[in-house]
Amino acid sequence: MIPYIIDLDAIFDLSSIEIYRLITSSLSNVRYYPPKDLLKTVIGDLDISKFKPYPDSQYLEELNYRARIYVVTNLPKIDTKSLLLRHNIDTFVQDVITPEDTNRYFPSKEVLMFISRKANSPLGSITFITPHIDYAILISNIGARTILIRNLISLPKDIKVEIRKNLIELAEITAQHKMESGMGDSALRC
């Protein structure tokens, strides 16, 4: 099965802590700070229960039938797993990848290589799903298939980033099966 690496921001509305995302992405190739300490410094006390999933997050179940789903985030692992568990999304996720796994913040090269090893797939066969344009462009330049959701922006043609409205559209596209016409009716019986 194809691995799908989904940015936690594509599942939950984390816009209230956007400053934390900007800081951690700028730290992706410099000194490591433990996420729990950095989060406390930047945001203060974080109430994880205030974050709500987008309504289309239920379509992760549909995607789970066709792909192995990993969630990547710069939040602490225990908080992320707790958030997924609280909304019963953890059952569709193989694993959560955080800075605690690599001592680097996403989207650093070390995190991407760790994801590749964890998913047991080369980067070119992995699909990244994110709502952030900066992540999408960076990851597509590395050679991975990248899907930008919740962001209907027009990108130049030389940037190979697919754009989808939401997880519903993505699930519908992955559900479409194409059969080779030369396979005959035996393919229908399988």
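The following legends describe close-up views of a predicted model. Local features are given where pLDDT is at least 70, side-chain atom pairs count only at pLDDT 80 or more, and totals for chains, interfaces and linings use all residues. Residues are numbered from 1 along each chain as its sequence is written, and side-chain values use heavy atoms, with hydrogens and water left out.

**View 1. The parallel sheet.** An open sheet is formed by 6 strands in the order β3-β2-β1-β4-β5-β6, with parallel pairing. Its edge strands, β3 (95-97) and β6 (162-164), each pair on one side only. From one strand to the next, the twist averages 25°. Strands (E, at least two residues) and helices (H or I, at least four residues) are DSSP runs, numbered from the N terminus; two strands pair if DSSP finds at least two bridges between them.

**View 2. Strands β2 and β3 with helix α4.** Strand β2 (residues 67-72) pairs with β3 in the parallel sense over 3 bridges. V72 stands opposite I97 in β3. Helix α4 (residues 77-86) lies across β2 and β3, and runs at about 140° to β3. Such angles, from 0 to 180 degrees, are taken between the N-to-C directions of lines fitted to C-alpha atoms, for helices over the stretch in contact; contact means heavy atoms within 4.5 Å.

**View 3. The nonpolar cores.** A nonpolar core is a set of buried (under 20% relative accessible area, 1.4 Å probe, protein chains only) Ala, Val, Leu, Ile, Met, Phe, Trp, Tyr and Cys residues joined through side-chain atoms within 4.5 Å. The largest has 33 residues, of which F12 and L60 touch the most other members. At least two residues of this core come from each of β1, α2 (35-42), α3 (60-64), β2, α4, β5 and α8 (167-175). Not counting residues up to four places away in sequence, L60 touches I6, I11, I69, I89, F92 and L167. Another core, of 16 residues, lies apart from it and includes I5, I97, L112 and I126.

**View 4. Backbone features in the loops.** Most residues other than glycine have a negative phi, and most peptide bonds are trans. A cis peptide bond, with omega of about 15°, joins F106 and P107. P107 is in the loop between α5 (99-102) and α6 (109-119). N103 lies in the loop between α5 and α6, and has a positive phi near 60°. N88, in the loop between α4 and β3, has a positive phi of about 60° although it is not a glycine.

Note on methods. Buried < 20%, exposed > 50% of the residue type's maximum accessible area, 1.4 Å probe, protein only.
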